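Me: I'd like a close look at a single part of this model. Please keep the answer connected and give the cut-offs as you go.

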Amino acid sequence: MEQNQPGKKAVSLNIISSSTKSSKHKGFGAGAINLNNVSPIIIDRGEARIDIGAMHAKSKVERGIKFTPNREEVEGGRQVWVVWLAVDKLAEGANYAGATACEMWINEEEKKGWKILAEHVNKLDYAIKRRVMLEGLDEEAKGALRQLLVSHNEEWWNNSSDELKQALEPQA
């Protein structure tokens with residue numbers, strides 16, 4: 001792999017905000033992903049919390065863990081969820097607009113973990129596109145996520161789609 005040379009700009013993913021200044025951006029990197037209104041939430045051991053470090057795979061539970069694509073290498077681990085949450089800020093008020101869940105397994109004792117990076121990237125993209133995809137979450141995880149969303153901003157929760165609310169409803 002070629003090393004960065006002085007005077008040469010490294011090729012990288014550009015994250016462009018929606019500000020007036022950057023919206024005039026043209027050329028290389030145009031059409032880049034806007035992550036301004038997306039937050040990662042970690043659901044672990046029945047508790048949901050916002051952990052911005054998950055945006056770069058450096059959440060509290062991921063630090064110090066070596067990930068493998070082979071699930072059988074993480075025997076004895078526990079299931080942890082990353083939920084990508086998109087917020088819309090509309091004239092009527094803000095709301096939770098997109099939410100997708102990605103599974104991973106963590107074995108802290110062996111410092112090993114399992115996740116499918118492509119799934120995490122695709123689910124982030126789906127949340128940005130305002131989809132609700134929370135399949136796989138058990139009742140405890142759904143309850144923890146719902147509680148976090150309501151307690152973080154009840155007005156945003158009230159303004160959210162029925163689809164999101166129904167996805168997090170306890171099953172009888």
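Is Tyr-96 buried or exposed, and what is its relative accessible area? Start there, then move to the helices.

Reply: Tyr-96 is buried, at a relative accessible area of 2%. Buried means under 20% relative accessible area; exposed means over 50%, and partly exposed lies in between (1.4 Å probe, protein chains only).

Some ground rules. This is a predicted model: local features need pLDDT of at least 70, side-chain atom pairs count only at pLDDT 80 or more, and totals for chains, interfaces and linings use all residues. Residues are numbered from 1 along each chain as its sequence is written, and side-chain values use heavy atoms, with hydrogens and water left out.

Tyr-96 has an aromatic partner. The structure holds one aromatic pair. Tyr-96 and Trp-156 form it, edge-to-face, with 5.7 Å centre to centre and 75° between the planes. Rings of Phe, Tyr and Trp (its six-membered ring) pair if their centres lie within 6.5 Å; planes under 30 degrees apart count as stacked, over 60 as edge-to-face, the rest as tilted. The pair links distant parts of the chain. Tyr-96 lies in strand β5 and Trp-156 in helix α4, 60 residues apart. Helices (H or I, at least four residues) and strands (E, at least two) are DSSP runs, numbered from the N terminus.

Now α3 itself. The helix takes in residues 139–152, 14 residues in all. From first C-alpha to last, α3 reaches 20 Å, close to the 20 Å expected at 1.5 Å a residue. That expected span is 1.5 Å times one less than the number of residues. In α3, Ala-141, Lys-142, Ala-144, Leu-145, Leu-148 and Leu-149 are buried. Seen down the axis of α3, the buried residues fall within an arc of 165°, so they line one face of the helix. The arc is that of the directions from the helix axis to the C-beta atoms. An α-helix has 3.6 residues a turn, so residues three or four places apart point the same way. On the other side of α3, Glu-140, Gln-147 and Ser-151 are exposed.

Last, the wider setting. The protein chain has five helices and seven strands. Of its 172 residues, 37% count as buried.
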